[in-house]
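Biologist: I'm new to looking at structures, so please pick a single part of this one and walk me through it slowly. What is it made of, and what is around it?

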Amino acid sequence: MAVESCNADWMGSLPPALCTLPLANLAIPGSHDSFSYWVDEKSPVGPDQATAIKRLARISLVKKLMKKWSVTQNLTFKEQLEGGIRYFDLRVSSKPGEARQEIYFIHGLFGINVWDGLMEIKTFLTHHPKEVIFLDFNHFYAMDNNHHVYLITRIQEVFESRLCTKECVENVTLQNLWRKQQQVLVFYHNRLCEEYPFLWSGNKIPAPWANTTNVHKLLHFLETTLGERAEHGTFHVSQAILTPGVETIALYLIRGLKNTLVHKNLPLILNWVKLQKPGIMGVNIITSDFVELVDFAATVIALNDLLLEDNKS
């Protein structure tokens, strides 16, 4: 199912009253393991995996099965952006043993290199100057200081003046960003974020994780963590995702993540989303697996209409 591109300019199309609100108060759709639409079965298993898995993966069938559990998205960055996704959950790694310093996306298996992914995002932003994205670099594997400096330099080379410099979260509104022609907020969960004005600290974007296969436990967790959301000073990610443990993967090895957990539970998760309200103590960024399987992005974006009703009253 192809995602509609009618959400490609949704931020630029918001009513003026919402463009002056902090981005932390808006409802923004995001994707989980955003880059995993393509993973390389021929590459070595990533350094994010246990030694036992690396040994097993010498059998070619094992990598095929791993792929079924590593892929959490079907759409490319461009397709996700056109469909309205504005928050990207990113895990990156060097390739141990590779002579070059290249950095790749990773989730069990290696994905595309980061440069190609960022260039695809930049192309979209060039054509949609009022759209703003969140890049959340939250897991790093097999990376020393040199790797980090290389990656940060690449981010700077790609986005240049589009990078949003750190400031008070409450000041980050669409109107202010448009005025400065900034479109990219980069969160970098490493101490090096302190040394660069365009790298926001990971603690500015908490993303509590339920780590469960039970949809009812997930929804209870999402409610609880929303209730504990900081009133000021941070964005907030509601990870509306189910996470398979070793037992689930062993039981349903051949079926994979989508057929085991996602298809069955996404409608329930979407119903929860429909009942939410954005705002200081409401939802902000909501992430999902396989964002095109239901009308996920459009449902999240539509929540912003509730803020308009508040304004009128």
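Modeller: Let's start with a term: a polar contact is a pair of N or O atoms within 3.5 Å; within protein, one must be able to donate a hydrogen and the other to accept it, and residues adjacent in sequence count only if both atoms are side-chain atoms. One more thing to know is that helices (H or I, at least four residues) and strands (E, at least two) are DSSP runs, numbered from the N terminus.

Some ground rules: this is a predicted model, where local features need pLDDT of at least 70 and side-chain atom pairs count only at pLDDT 80 or more, while totals for chains, interfaces and linings use all residues. Residues are numbered from 1 along each chain as its sequence is written, and side-chain values use heavy atoms, with hydrogens and water left out.

Our part is helix α6, residues 145–159. At its start, a side-chain oxygen of Asp144 comes within 3.0 Å of the backbone nitrogen of Asn146.

What covers them? Take Phe159: leaving aside neighbours within four places in sequence, Phe159 is in contact (heavy atoms within 4.5 Å) with Leu118, Ile121, Lys122, Leu125, Leu135 and Val184.

Val184 takes us to β6. Five of the five residues of β6 are buried. In a regular strand, side chains alternate between the two faces of the sheet. Here Val184, Val186 and Tyr188 point one way, while Leu185 and Phe187 point the other. Strands count as paired if DSSP finds at least two bridges between them. β6 runs parallel to β5, with five bridges, and Ile133 has Val184 as its bridge partner. β6 is also parallel to β7, through three bridges, where Tyr188 stands opposite Ser201.

In soluble globular proteins, nonpolar side chains tend to be buried together. A nonpolar core is a set of buried Ala, Val, Leu, Ile, Met, Phe, Trp, Tyr and Cys residues joined through side-chain atoms within 4.5 Å. The largest one here has 69 residues, and those with the most contacts inside it are Leu135, Phe137, Leu151, Ile155, Phe159 and Tyr188. Helix α10 (residues 256–274) gives the most to this core, with eight residues. A separate core has 27 residues, including Leu18, Cys19, Val132 and Ile205.

Finally, back to β3 from the covering list: β3 pairs with β4 in the antiparallel sense over three bridges. The two form a hairpin with one residue between them, and Gly108 in the turn has a positive phi of about 80°.

Methods. Expected span 1.5 Å × (residues − 1). Buried < 20%, exposed > 50% of the residue type's maximum accessible area, 1.4 Å probe, protein only.
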